[in-house]
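Hello,

Please have a look at it before reading on.

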Amino acid sequence: MKAYKNILIIKMSSLGDVIHALPTLYALRKNLPNAKITWAIHEQFAHLLPGKPWVDDVIIIDKKGLKSFSYLKSLYKNLHSRHFDMTLDLQCIAKSAIVSFLSGAPEKYGYWELREGSQLVNKALVGPHKYNHVIERYLDTVRALGGHVESVEFPMPERSEAIRTVQQKLRDANIDGDYVLVAPGARWNVKEWTVNHFIELCKQVTSTGQTVVLMGGLEDVGKSKAIVEGVQSELLIDLTGKTSIDELIELIRHCTLYISADTGPLHIANALKKPLIALFGTTSPDRTGPYGGDYIHIIVSPTSKATPKEPLVDDPHCMEQITVPMVWDVYTSIMGKE
């Protein structure tokens, strides 16, 4: 691999997509231990990035500012002052291509799936995993540049203040043992498992004496409230909307088991190699699902039509075809509880 000295990775959003790009960061650092690596990202996702030795610097990109000439001029000056010798665009859409173009780097690359005109700026790096999982598609960029990829690893941040505040939140909720973490929401409604199904599953889990913690963003508060009201158990604790990204990472890191549909926190659980149950139907786990080890347990709807080439299918009834007994059987096989 060429001895690049100053690399800009561009992956600005979203939560799961940034996590999917971390193995490429790991591979780049292993191949280029002395290079300076900078990451361009939207502010709300910056806390997903690890610090040194993995990422040396972070550039916050204002999404709305990309439509402003004055902001673009300022960004141009900022990027040019850093003298990048290579950009690696792992988003490959118009907004990321703008950042790549403004970088002034003499070599500008992206993974093979160049969209929205990004092929006018970036050169596609194509490898043997063109139609495989998106993590491997990203890793193919390292392979195409002559680098070695020995394993899929996710360098994740670990911040002491978040550890402390999460521990306090768990103590405040009277949780002093293990807990199963459940995220009922998803970015798109068609990807969600039904609230009624979550209610029935949480009833069964808490009936065994197991503590369950609900989590998610502010947009998921209503779903979690409905689950709490439906379950009516002191063993069901609701922390939805009450954690930062740093705290979310630590909440997941210390759980016994994680359960959700296809949503951003699922990919954090995967990166942390936590035992997990992932529910898929309208999206393809072969393209964007948890990836990397035997701690992963994926349940796919029997009516799913999603494929790696058609990763999102708008079927409002697909996810409800995953039944509570299907999930309970996997749960008991993991936890050894009947």
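Below is what I found in it, taken region by region.

This is a predicted model, where local features need pLDDT of at least 70 and side-chain atom pairs count only at pLDDT 80 or more, while totals for chains, interfaces and linings use all residues. Residues are numbered from 1 along each chain as its sequence is written, and side-chain values use heavy atoms, leaving out hydrogens and water.

Let's begin with a helix pair. Helix H1 (residues 15–31) packs on helix H4 (residues 134–144) at an angle of about 30 degrees, the axes being 9 Å apart. That makes H1 roughly parallel to H4 (angles under 35 degrees count as such). Helices here are DSSP runs (H or I) of at least four residues, and strands (E) of at least two. Contact means heavy atoms within 4.5 Å; among the H1 residues that meet H4 are His20, Pro23 and Leu28. The residues of this contact comprise nine nonpolar, four polar and one charged.

Next is helix H9 (residues 264–271), where eight of eight residues are buried, meaning under 20% relative accessible area with a 1.4 Å probe, protein chains only. Its buried residues pack against H1 too, as well as elements including helix H8 (245–253) and strand E10 (257–261). Just after H9, Lys273 has a positive phi of about 60 degrees.

Lastly, Thr206 sits in helix H6 (residues 195–207) and counts as buried at 8% relative accessibility. Its side chain reaches the backbone oxygen of Cys202 at 2.7 Å. Beyond neighbours within four places in sequence, Thr206 touches residues including Val212 and Leu236.

Best wishes

How values were computed. Axes are lines fitted to C-alpha atoms, for helices over the stretch in contact, and angles run from 0 to 180 degrees between N-to-C directions. Angles under 35 degrees count as roughly parallel, over 145 as roughly antiparallel, 65 to 115 as roughly perpendicular and the rest as oblique. Ala, Val, Leu, Ile, Met, Phe, Trp, Tyr, Cys and Pro count as nonpolar, Asp, Glu, Lys and Arg as charged, and the others, Gly among them, as polar. Buried means under 20% relative accessible area, exposed over 50%, partly exposed in between (1.4 Å probe, protein chains only). A polar contact is a pair of N or O atoms within 3.5 Å; within protein, one must be able to donate a hydrogen and the other to accept it, and residues adjacent in sequence count only if both atoms are side-chain atoms.
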